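Please look through the model shown below.

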Amino acid sequence: MSDGTYDVMIIGAGPAGVTAAMLLADKGKNVALVDREKFPREGEALGWLNAKSFELLKPFKLTPDTVGAIAFTDATFLSKDFAKSAVPKLESAPGYIVDRVTFANALVERAKEMDVTLIDGWGVTDLQTQENEVTAHFEDETMIVAKLLLLAAGGNRILLEKLNFPPPTRHARMWTAQVDASIDKDKANQEPHIAIVMGLDKAGSFALSCMLEDRMSVSINWLGEQEQAIPQLAYACRGLFTHEICPVDLSELATDTNVLPSPASAALDMDSHVGKHTLLIGDAGGFVSAASNEGLYPAMWSAQIATEVVLEALINPQSQDSLMTFESKWRMVMADYLRPPNTDVQFLLPLIFSNQPMADRMGAAFFSGENI
């Protein structure tokens, strides 16, 4: 790797970082996209993303087909004991089931085609903010310099501390773990489908399964103590199989998976997303929906807003003044989408399973971020 100088440095080549890189490159900016992992990434991790995601990606000729995303129109809410179910009426396809690894690889490849400089496979060892620039030092003792920095590396407390962002004031709001498996096509449902097991505890924890014709995943989104997340994931896997929602019992795989903290709606609790020459986006900024724990779309959305701010900052002699507007701009349009439902979901559960309009409203809240 060699030294370099750029308009903008982006650390973290997930959906937020790559979206920002493409938007900036499209405006003729010289962008370095940095990630510790090498691309293309390997592995499988089914998830879902809001249908609005492709409105952001359309200018870059990234469509559901090009990233392997498959629209789903069917979703089912299930009670904790699997005895009750509700199918919300969804006016149109609310989203897509997507392999997050394939999705990330496709975005990075498109960014490279747009002349974004990808620096992958090298970890950042130090970040320094000077009067007019930011310098990143790497493991091979090289360094790059940029006028501005977008930090999109979620969960990297070391880099956040180097940039003088305060540590979180509380423990993780949500813990998450997931298992994925291939399945025989003749065992799967004919259509892509999502099932949500609701009310796993009084706090509103839930499990979610994504089903395609040859693959499936089950994830836990747990609001209790960390050590309870895996038993709850195993419970959900067994229940989904026993009640013929999923064709394979993944409970044994669940015992070997990792539990990770989710920054669901953490953006709303952070004092600031603005540092010296720096903005926090994506997971690093807590841009994850609290209702569904879906982070791909809000990550890209936060990147879009941040990019508009960065473009202003690059032409403003007082660039920090422009960066400071990011806080009010994202809160104005994203806060409602990120925050938890505006009522006690546990209280609503009996209505969701007995009243179709309430099931429909819950579907709109979960998949579109609308208030219940």
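A cavity here is a set of points, on a 1 Å grid over the protein atoms alone, where a 1.4 Å probe fits but cannot get out; a residue lines it if one of its atoms is within 4 Å of a point. Grid points are joined across faces, edges and corners, and the volume is the space filled by probe spheres set on the points. This is a predicted model, in which local features need pLDDT of at least 70 and side-chain atom pairs count only at pLDDT 80 or more, while totals for chains, interfaces and linings use all residues. Residues are numbered from 1 along each chain as its sequence is written, and side-chain values use heavy atoms, with hydrogens and water left out.

By this rule there is one cavity of 30 Å³ or more. The largest cavity holds about 50 Å³ of space. Ten residues line it, and those closest to its centre are Ala-291, Arg-339, Pro-341, Gly-369 and Glu-370.

Next comes the sheet. Helices (H or I, at least four residues) and strands (E, at least two) are DSSP runs, numbered from the N terminus. Two strands pair if DSSP finds at least two bridges between them. Three strands make up an open antiparallel sheet in the order 3-7-4. Strand 3 (46-50) and strand 4 (70-72) are its edges, each pairing on one side only. On average, neighbouring strands of this sheet are turned by 40 degrees against each other, direction ignored; axes are lines fitted to C-alpha atoms, for helices over the stretch in contact, and angles run from 0 to 180 degrees between N-to-C directions. Strand 4 is joined to strand 7 (residues 95-99) by three bridges, and Ile-70 stands opposite Ile-97 in strand 7. Helix 4 (residues 100-113) lies across strand 3 and strand 7, at about 90 degrees to strand 7.

Finally, Glu-161 is found in helix 5 (residues 157-162). Glu-161 counts as partly exposed because its relative accessibility is 48%.

How values were computed:
Contact means heavy atoms within 4.5 Å. On a 1 Å grid over the protein atoms alone, a cavity is a set of points where a 1.4 Å probe fits but cannot get out, and a pocket is an open set with protein on both sides within 12 Å along at least five of seven lines; lining residues have an atom within 4 Å of a point. Buried means under 20% relative accessible area, exposed over 50%, partly exposed in between (1.4 Å probe, protein chains only).
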